[in-house]
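Here is a short report on one protein model. It starts with ring pairing and then turns to the fold, a charged pair and the surface.

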Amino acid sequence: MALINKGTRQIFWADIRQNLRSKSFWAYTIFFALFVATMILTGITESQVIGFVGLSRLMVTYMQVSMVILPIYVLISTVRSLVGDKENGVLEYTLSVPISFSQYFWGKFLSRFVVIYLPVVVAMLGAIVWGSFKHLDIPWDLFFLYTGLLAAMIFFFLGLSMYLSSRSRSQENALGISFMIWIFLVAFMDILLIGLMLKWRINPEAVIIASLFNPLQVFRTGSLILFDPKLTVLGPVSYYILDTVSRTTFIIFSLLYPTILGFVFALLGNRYFNRHDVV
């Protein structure tokens with residue numbers, strides 16, 4: 001299989017080494033580490049919101065910030081990978097050795113997932129270690145749910161980015177399209193849907209269902225459902241969601257839906273990458 005063979009592993013480790021030499025990777029890693037450290041130093045673990053205090057409060061804030069930063073970072077840093085290598089001649093040089101298009105694609109995909117996901121999780125683990133030294137209660141349910149949600153969100157945007165990169169003819173074109181998609185997903189969460197409801201008097205249930213096709217909205221709701229079991233921050237929307245499905249079902253959905261969608265985009269990107277002359 002292209003996902004696990006020797007060629008894929010070679011591309012994977014080569015890309016990992018390249019990222020470890022990149023200043024942007026270390027800036028990204030340090031940002032999340034400093035963000036957690038800043039929250040600890042400012043005493044956020046001592047504040048309380050809806051009964052959540054300590055590390056639970058820190059993790060909820062961490063997730064809300066991640067929801068803003070990670071999607072645009074994944075898109076901007078990944079959407080240039082394939083098309084950038086093509087423009088710079090790196091792809092032509094790499095494929096001169098016995099490595100297939102699929103091996104190249106999946107090696108890049110897996111390496112990007114590791115270098116984006118690990119710094120985010122390590123920063124959360126740092127907070128767990130600090131909480132253990134301070135004898136705070138460790139919210140393992142939140143930790144495992146949030147690490148899963150982060151993986152699902154990264155997987156979706158990574159699959160989408162690789163698909164866009166395989167279809168784009170220039171880095172500028174890829175960046176422009178990815179930025180437009182990000183704006184659309186963010187707007188589709190609240191502004192666009194509310195505007196449609198008010199202007200066209202669309203059935204609210206249909207609008208809610210449409211919003212849950214947005215992986216970013218699914219991530220947002222999934223990250224709130226343990227913090228706020230009744231989803232009071234979502235207002236009347238919470239009644240429809242929780243009356244339709246159980247909390248456990250929605251958590252499973254919020255983990256699986258972005259992951260599956262991201263994998264579908266990755267498969268489509270790999271298929272296009274294999275069938276077209278990109279060199």
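## Aromatic pairs

Two rings of Phe, Tyr or Trp (its six-membered ring) count as a pair if their centres lie within 6.5 Å; planes under 30 degrees apart are stacked, those over 60 are edge-to-face, and the rest are tilted. The model examined here is predicted. A search of the whole structure gives 26 aromatic pairs. One of them joins Y28 and F32, edge-to-face, with 5.2 Å from centre to centre and 80° between the planes. Both residues sit in helix α2 (residues 23–41), four residues apart, about one turn of the helix. Y28 is buried, at 5% relative accessibility. F32 is also buried, with a relative accessible area of 0%.

Which kind of pair do the rings of F31 and F35 make? Their planes meet at 10° and their centres are 6.4 Å apart, so this pair is stacked. F31 and F35 lie in helix α2 too, four residues apart, about one turn of the helix. F31 is partly exposed, with a relative accessible area of 37%, whereas F35 counts as buried at 19%.

Ring pairs also build a cluster. Its members are F101, Y104, F105, W106, F109, F113, Y117, F155, F263 and F273.

## Overall fold

The protein chain has 13 helices and two strands. It has 279 residues, and 49% of them count as buried. Consider the contacts between residues at least 6 apart in sequence: 79% of these join residues at least 24 apart. The accessible surface of the chain is about 14100 Å², and carbon and sulfur atoms account for 68% of that area.

## The salt bridge

How many salt bridges does the structure hold? There is one. D15 pairs with K108, and the closest N and O atoms are 3.1 Å apart. The bridge links distant parts of the chain: D15 belongs to helix α1 (residues 6–20) and K108 to helix α6 (residues 101–133), 93 residues apart. Side chains of opposite charge can pair when their charged atoms come close.

Are the two partners buried or exposed? D15 is buried, with 6% relative accessibility. K108 is buried as well, at 7%. Both values fall in the buried class because that class covers anything under 20% relative accessible area.

Helix α6 also holds Q103. This residue counts as buried at 15% relative accessibility. The side chain of Q103 reaches the backbone nitrogen of S100 at 3.0 Å.

## Helix α13 and its surface

F253 has its place in helix α13 (residues 247–275). It is partly exposed, with a relative accessible area of 31%. Which residues does F253 contact, leaving aside its neighbours within four places in sequence? They are L212, V218 and P258. F253 and G222 are 31 residues apart in sequence, and their C-alpha atoms are 8.6 Å apart in space.

A nonpolar patch lies on the surface. I252, L256, I260, V264 and L268 form it, with about 430 Å² of accessible area together. V264, one of these residues, is found in helix α13. V264 counts as partly exposed, at 38% relative accessibility.

Key. Residues numbered from 1 in each chain as written. Predicted model: local features only at pLDDT ≥ 70, side-chain atom pairs only at ≥ 80, totals over all residues. Heavy atoms only, no water. Salt bridge = Lys/Arg side-chain N within 4 Å of Asp/Glu carboxyl O. Buried < 20%, exposed > 50% of the residue type's maximum accessible area, 1.4 Å probe, protein only. Polar contact = N/O pair within 3.5 Å; in protein donor to acceptor, adjacent residues only side chain to side chain. Contact = heavy atoms within 4.5 Å. Areas by Shrake-Rupley, 256 points an atom, 1.4 Å probe, with all protein chains shown as cover. Patch = residues over 30% accessible without salt bridge, like charges linked within 9 Å, V, L, I, M, F, W, Y side chains within 5 Å.
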